[in-house]
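Subject: Structure for you to look at, with notes

Hello,

I am passing on the structure we talked about, and below it you will find notes on what turned up when I went through it. Please keep the structure open while you read, so that you can find each residue as it is named.

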Amino acid sequence: MKSSFLILLSFFVFTHSFAQKIEVTMGANSGLFHYSGNGTTSSSIINGGQTPLTGGYPNYHYGNKNGFSYGADIHAQYIAKCGFIAGLQAGYDVLRSEASIYSIFGGPIGPSGYYISPYTPVKGTSVVQDQFINANPYLGYRLPLKKIKIDLLIGIDFGFGVKSFEKSRSVAADGTVYQTNVNYQTNANYGEGAFDPRNRFGLAVSYKRFGI
């Protein structure tokens, strides 16, 4: 079973406040993302058509190596006098996972309908990029401190996939460069039309108009 693991650090700024009860913030985030569980891999081969490689694709889609990810969001939250927090966040995330490429399998196709070229050792990387629109309703509690604000948050993140594609670049010992570019269309697990609910936990620390 495939799952995902995401570490994000968000930077945000308060854009408006009203009577210390309603806060609206805008933020940007970056971090690391990878797939985990059965069906993931740290390395793969590329299946291709012709040489130099055109129209190829990775043998395994889900890389379990961390890839640099980033996004942006806006959220509004209600702060009660007792410290209770209720909020809603909306954002856009670009999640990237990686896998090493160690071999290319492709070339001319023989009379039997199979590739007749041998495996070609290479060194390279495959990067899968998934893009999501997110909606995150959450609850929390603000610790009663004076100079800084510390919020403990818990909620559910609903991700709606809008795009997914894979790119790889590998180099053989003779200097030949192999590249792939695969666009994944509608799929239940990723890409356009995907729906990905996730548990979400957060810790927000802010001072005046800025926070992490």
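**What was found**

The chain has eleven strands and zero helices, and please bear in mind throughout that this is a predicted model. Read from the N terminus on, the elements therefore run β-β-β-β-β-β-β-β-β-β-β. Of the 212 residues in the chain, 42% are buried. If you take the contacts between residues at least 6 apart in sequence, 67% of them join residues that are at least 24 apart.

**The nonpolar cores**

In soluble globular proteins, nonpolar side chains tend to be buried together. In this chain the largest nonpolar core has six residues in all, namely Ile46, Ile101, Ile104, Val122, Ala172 and Tyr178. Alanine 172, one of these six, touches Thr120, Pro121, Val122 and Tyr178 when residues up to four places away in sequence are not counted. There is also a second, separate core of five residues, among them Phe33, Tyr35, Leu95 and Phe132.

Is phenylalanine 132 buried or exposed? Its relative accessible area is 4%, and because buried means under 20%, phenylalanine 132 counts as buried. Leaving aside neighbours within four places in sequence, phenylalanine 132 is in contact with Gly91, Tyr92, Asp93, Leu95, Gly159, Phe160, Gly161, Val162, Asp196 and Arg198. With Tyr92 in that list, it is worth looking at the distance as well: phenylalanine 132 and tyrosine 92 are 40 residues apart in sequence, yet 5.7 Å apart in space from C-alpha to C-alpha.

**Serine 97**

Serine 97 lies in strand 6, which covers residues 84-105. With a relative accessibility of 1%, serine 97 counts as buried, because the cut-off is under 20%. Beyond its neighbours within four places in sequence, serine 97 is in contact with Phe33, His34, Tyr35, Gly63, Lys65, Gly67, Ser126, Val127 and Val128. Two residues in that list, Phe33 and Tyr35, were named above as part of the second core.

**The cavity and asparagine 134**

A search of the whole structure finds one cavity of 30 Å³ or more, and the largest cavity has a volume of about 70 Å³. It is lined by 13 residues, of which Asp73, Gln89, Asp93, Asn134 and Arg200 are the closest to its centre. Strand 5 (65-79), strand 6 and strand 7 (120-142) are the elements that give two or more residues to this lining, and strand 6 gives the most, with five. By class, the lining of the largest cavity holds four nonpolar, five polar and four charged residues.

Asparagine 134, one of the residues closest to the centre of the cavity, has its place in strand 7. Its relative accessibility is 6%, so asparagine 134 counts as buried. Which side chain makes a polar contact of 2.7 Å with the side chain of asparagine 134? The partner is aspartate 93, and a further polar contact, of 3.1 Å, joins the side chains of asparagine 134 and arginine 198. Apart from neighbours within four places in sequence, the residues in contact with asparagine 134 are Gln89, Ala90, Gly91, Asp93, Asp157, Phe158, Gly159 and Arg198.

**The second largest pocket**

The second largest pocket has a volume of about 280 Å³. Its lining consists of 20 residues, and those nearest its centre are Ile79, Ala80, Lys81, Arg142 and Leu143. Strand 7 and strand 10 (195-207) each supply at least two residues of this lining. Sorted by class, the lining of the second largest pocket has ten nonpolar, three polar and seven charged residues.

**Lysine 208**

Finally, please look at lysine 208, which has its place in the loop between strand 10 and strand 11 (210-211). The phi angle of lysine 208 is near 55°, a positive value in a residue other than glycine. Lysine 208 has a relative accessibility of 62%, and it counts as exposed because that value is over 50%.

With best wishes

Definitions and conventions. Residues are numbered from 1 along each chain as its sequence is written. This is a predicted model: local features need pLDDT of at least 70, side-chain atom pairs count only at pLDDT 80 or more; totals for chains, interfaces and linings use all residues. Side-chain values use heavy atoms; hydrogens and water are left out. Helices (H or I, at least four residues) and strands (E, at least two) are DSSP runs, numbered from the N terminus. Buried means under 20% relative accessible area, exposed over 50%, partly exposed in between (1.4 Å probe, protein chains only). Contact means heavy atoms within 4.5 Å. A nonpolar core is a set of buried Ala, Val, Leu, Ile, Met, Phe, Trp, Tyr and Cys residues joined through side-chain atoms within 4.5 Å. On a 1 Å grid over the protein atoms alone, a cavity is a set of points where a 1.4 Å probe fits but cannot get out, and a pocket is an open set with protein on both sides within 12 Å along at least five of seven lines; lining residues have an atom within 4 Å of a point. Grid points are joined across faces, edges and corners, and a volume is the space filled by probe spheres set on the points. Ala, Val, Leu, Ile, Met, Phe, Trp, Tyr, Cys and Pro count as nonpolar, Asp, Glu, Lys and Arg as charged, and the others, Gly among them, as polar. A polar contact is a pair of N or O atoms within 3.5 Å; within protein, one must be able to donate a hydrogen and the other to accept it, and residues adjacent in sequence count only if both atoms are side-chain atoms.
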